Amino acid sequence: MPPILSEKGRIDDSRARLRQPRIGGAAAHVRHRAAVRFVGEIDGPPKSGVALGRSGHTGRVSPALVWFRRDLRLHDLPTLLSAADAAGSATAVFVLDDRLLRPGPRTTFLLRCLRALNDDLGGRLLVVRGDPVTVIPRLARDLGAGSVHVSADHAPYGSRRDHAVEDALGEVPLVRTGSPYAVSPGRVLKGDGSPYRVFTPFRKAWLEHGWRAPARTRASTVTWIDPDGIRGRASIPADEGSLEVALPPAGEAAARTRWRQFRDDALDRYDTDRDRPDLDGTSRLSPYLKFGCLHPRTLLHDLRDRSDPGATTLRSELCWRDFYADVLHHRPDTARRNFNGRFDDIRYDTGPDAERAFAAWQQGRTGFPIVDAGMRQLLAEGWMHNRVRMIVASFLTKDLHLPWWRGAQHFMDHLVDGDLASNQHGWQWTAGCGTDAAPYFRVFNPMTQGEKFDPAGDYVRRWVPELRGVPGKGVHRPPFGSSPGYPDPIVDHAHERRVALARYAEIGSR
Ligand SMILES: Cc1cc2nc3c(=O)[nH]c(=O)nc-3n(C[C@H](O)[C@H](O)[C@H](O)COP(=O)(O)OP(=O)(O)OC[C@H]3O[C@@H](n4cnc5c(N)ncnc54)[C@H](O)[C@@H]3O)c2cc1C
């Protein structure tokens with residue numbers, strides 16, 4: 001069954017939903033097969049290379065445009081089914097949108113993923129630079145495209161942009177199929193139609209809602225048009241020479257390899273190891289999920305027969321990702337503002353001392369070893385372990401009394417997986433002002449957190465060379481002045497905890 005289009009090409013999933021079972025239901029596979037049969041390749045043997053020219057389907061003459069954004073893969077990509085269903089051939093396009101491409105490790109990783117996608121498409125990725133609102137309609141016109149196919153973007157900028165593109169396309173429909181989430185934002189609602197604000201009931205409803213089976217797609221699902229000679233074609237920019245961040249290998253093949261490795265070697269222990277920054281205990285799939293080199297549905301499908309603690313915990317973590325996207329979808333203002341407006345009145349530190357403290361936090365020179373290790377890992381790898389993200393965020397907001405959004409901005413500048421929904425709400429959760437927030441009185445003690453989750457001190461010694469001479473877990477409480485080059489603590493944690501609680505009490509009574 002083809003995607004069902006309503007006015008202006010928006011997908012009306014409600015009918016499709018009724019007919020499609022979820023969580024790997026067999027009928028979902030049948031649908032995918034039926035949808036692309038005229039292309040004749042989805043279940044057949046792979047062709048050598050990427051198919052060229054017309055598929056032989058004569059009923060539809062206009063080619064399609066497949067616009068890649070946060071879905072830089074070819075497997076399990078429903079957009080390809082919708083394009084194959086709509087047209088005999090398609091142009092694959094990516095728009096280098098300067099509003100999103102700030103120099104930094106995330107952009108470098110994205111460009112590497114684009115190169116990998118281009119290779120997977122046999123060099124047939126059309127890259128253009130500019131504002132998608134003008135570029136996409138111009139391309140559609142130039143190429144005589146009958147439809148433009150995308151995965152839906154639910155983030156504030158992306159959804160505004162897509163509505164503007166849709167308006168500028170006029171008669172040519174923008175066909176949204178799927179999204180970067182297992183369950184698209186806005187789908188899981190309470191009985192009264194309102195959104196969830198608390199994770200645990202959301203997860204229950206999310207599990208009951210379920211997700212579709214993976215879309216059976218590959219490069220040859222669509223007959224790709226050679227973009228050579230198309231007006232405005234740009235090349236994929238070269239890597240920044242100065243980048244000193246150690247990035248993971250980019251692209252879909254690397255993502256799938258990492259997933260298999262994690263699933264086969266570490267998933268069994270994930271529920272216990274995931275809080276240990278000294279171990280390689282988490283999947284490190286977040287950069288791939290960020291750019292859609294891998295879809296969470298693919299992972300959830302692989303986990304479908306597993307109810308062991310490791311698989312159950314991973315399913316739950318993937319649900320957090322969907323939850324935060326859902327929260328941001330319903331409350332786009334929370335990208336910049338407190339989810340809980342009561343926190344608008346909290347007092348922050350300002351002035352030169354506060355700025356010095358912020359700089360020390362950014363550079364990993366606070367004198368709190370686990371905080372400094374995390375901040376240095378962020379600068380070196382563009383990634384930080386989840387437990388340590390919580391510790392450094394708690395430290396910034398509750399020990400240094402600085403606003404969460406300053407820390408969130410620093411994270412967005414450096415994280416390869418930097419994602420508005422997960423980042424802003426991860427910060428708000430820790431600061432106490434978010435949905436489902438940690439109680440405001442929970443102030444992480446960086447020393448005891450370090451001793452508990454980095455019990456032998458290996459994580460700290462890896463990232464803070466000045467402390468390599470301090471053995472065992474003593475590294476979390478180095479004696480004052482004992483390690484040359486390493487700063488003494490910039491604040492007294494016990495005192496700052498009391499200050500934080502007093503400031504929370506002030507807003508609590510208003
Ligand atoms: C202050 C703060 C900021 C954060 N910023 C981001 C961000 O910008 N981008 C981002 O992807 N994650 C963010 N997270 C969530 C989490 O830290 C990362 O997703 C995780 O560390 C990525 O490593 P992993 O892939 O090995 O995770 P795993 O433990 O292997 O988890 C698998 C996947 O589940 C999802 N996931 C796991 N935990 C969370 C969570 N708490 N919230 C949302 N999704 C989760 C991620 O997609 C992750 O890749 C943030 C958390 C905090 C506390």
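**Exercise 1. Find the span that UniProt annotates, and describe it.**

Step 1: The unreviewed UniProt entry places "domain: Photolyase/cryptochrome alpha/beta" at residues 62–185. UniProt positions use the numbering here, feature names are shortened, and annotations may be inferred rather than shown by experiment. Residues are numbered from 1 along each chain as its sequence is written. This is a predicted model, where local features need pLDDT of at least 70 and side-chain atom pairs count only at pLDDT 80 or more, while totals for chains, interfaces and linings use all residues.

Step 2: Residues 62–185 are 41% helix and 19% strand, and their end C-alpha atoms lie 32 Å apart. Helices (H or I, at least four residues) and strands (E, at least two) are DSSP runs, numbered from the N terminus.

**Exercise 2. Work out the strand order of the open sheet.**

Step 1: Reading across the six strands gives β5-β4-β1-β2-β3-β6, with mixed pairing. Strands pair if DSSP finds at least two bridges between them.

Step 2: Now the edges: β5 (174–176) and β6 (233–234) each pair on one side only.

Step 3: Zoom in on β4 (residues 147–150), which pairs with β5 in the parallel sense over three bridges. Here V148 stands opposite L174 in β5.

**Exercise 3. Which domains is the chain divided into, and what does domain 1 bring to its contact with domain 2?**

Step 1: The chain splits into domain 1 (7–187 + 213–234), domain 2 (252–335) and domain 3 (341–508); the bounds come from an automatic or database domain assignment.

Step 2: 25 residues of domain 1 are in contact (C-beta atoms, placed from the backbone, within 7 Å) with 22 residues of domain 2.

Step 3: On domain 1's side, helix α4 (residues 105–120) gives the largest share, five residues. That side divides into 16 nonpolar, four polar and five charged residues. Nonpolar means Ala, Val, Leu, Ile, Met, Phe, Trp, Tyr, Cys and Pro; charged means Asp, Glu, Lys and Arg; the others, Gly among them, are polar.

**Exercise 4. Why does the ligand lie between two domains?**

Step 1: Of the 27 residues around the ligand (C-beta atom, placed from the backbone, within 6 Å), T282, S283, S286, N423 and G426 come nearest.

Step 2: Domain 2 and domain 3 both give residues to this shell, so the ligand lies between them.

Technical notes: Two residues are in contact if their C-beta atoms, placed from the backbone, lie within 7 Å.
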